[in-house]
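Q: I'm new to this one. Can you walk me through the structure?

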Amino acid sequence: MIGSMFVGLLIGLLAGAITNRGERMGCFGKMFLGWIGAFLGQMLFGTWGPILADTAIIPSVLGAMILLAIFWRKDS
């Protein structure tokens with residue numbers, strides 16, 4: 001449980017830094033973004049690349065970036 005929370009936060013932070021969106025989401029928002037992004041990314045792109053706590057990092061970050069691009073404006 002703690003591992004998935006850490007990985008979700010890491011994925012959310014990486015996606016936010018790459019896309020420059022979702023600055024005001026907070027830690028729990030980015031963790032939730034990381035969890036949903038990981039689910040979406042692994043469904044779309046599979047499980048390849050480095051794996052941390054049973055989560056493929058690269059597809060998960062791509063999924064979180066897709067969510068940020070669709071649902072968050074640049075200034076919010």
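A: One term before we start: contact means heavy atoms within 4.5 Å. Also, this is a predicted model, where local features need pLDDT of at least 70, side-chain atom pairs count only at pLDDT 80 or more, and totals for chains, interfaces and linings use all residues. Residues are numbered from 1 along each chain as its sequence is written, and side-chain values use heavy atoms, with hydrogens and water left out.

Q: Good. What is Leu 33 in contact with, leaving aside neighbours within four places in sequence?

A: Gly 12, Met 25, Ala 64, Leu 67, Leu 68 and Trp 72.

Q: Where is Leu 33 found?

A: In helix α2. Helices here are DSSP runs of H or I with at least four residues, strands are runs of E with at least two, and both are numbered from the N terminus.

Q: Is Leu 33 buried or exposed?

A: Leu 33 counts as buried, because its relative accessibility is 3%. Buried means under 20% relative accessible area, exposed means over 50%, and partly exposed lies in between, using a 1.4 Å probe and protein chains only.

Q: And how far apart are the C-alpha atoms of Leu 33 and Leu 10?

A: They are separated by 10 Å. Along the chain, the two are 23 residues apart.

Q: Let's zoom out. How many helices and strands are there in the protein?

A: Three helices and two strands. From the N terminus on, the order is α-α-β-β-α. The radius of gyration is 11 Å, close to the 11 Å that the globule rule gives for 76 residues, so the protein is as compact as a globular protein of that length. That radius is taken over C-alpha atoms, and the rule is 2.2 Å times the number of residues to the power 0.38.

Q: What box do the C-alpha atoms fill?

A: Roughly 35 × 25 × 15 Å, taken along the principal axes.

Q: What share of the residues is buried?

A: Buried residues make up 34% of the 76. The accessible surface comes to about 4700 Å², and 72% of that belongs to carbon and sulfur atoms. Those areas come from the Shrake-Rupley method with a 1.4 Å probe, and for residues only the protein chains shown count as cover.

Q: Back to the helices. At what angle do the axes of α1 and α2 cross?

A: At roughly 95°, and the axes come within 7 Å. That makes α1 roughly perpendicular to α2. Roughly perpendicular covers 65 to 115 degrees, under 35 is roughly parallel, over 145 is roughly antiparallel, and the rest is oblique. The axes are lines fitted to C-alpha atoms, for helices over the stretch in contact, with angles from 0 to 180 degrees between N-to-C directions.

Q: Which residues meet there?

A: On the α1 side, they include Gly 8, Leu 9, Gly 12 and Gly 16. On the α2 side, they include Lys 30, Leu 33 and Trp 35.

Q: Lys 30, then. Buried or exposed?

A: Lys 30 is buried, with a relative accessible area of 11%. Not counting residues up to four places away in sequence, Lys 30 touches several residues, among them Gly 8, Leu 13, Gly 22 and Glu 23.

Q: What about Ala 15? Where is its place?

A: In helix α1, residues 2-19. Ala 15 counts as buried, at 0% relative accessibility. Beyond its neighbours within four places, Ala 15 is in contact with Val 61, Ala 64, Met 65 and Leu 68. Ala 15 and Leu 68 are 53 residues apart in sequence, yet 7.8 Å apart in space, C-alpha to C-alpha.

Q: And Phe 6, buried or exposed?

A: Phe 6 is exposed, with a relative accessible area of 53%. Its place is in helix α1.

Q: Last one. Where does UniProt place the "transmembrane region"?

A: At residues 48-72, in an unreviewed entry. UniProt positions use the numbering used here, feature names are shortened, and annotations may be inferred rather than shown by experiment. In the model, that span is 60% helix and 16% strand, with its end C-alpha atoms 27 Å apart.
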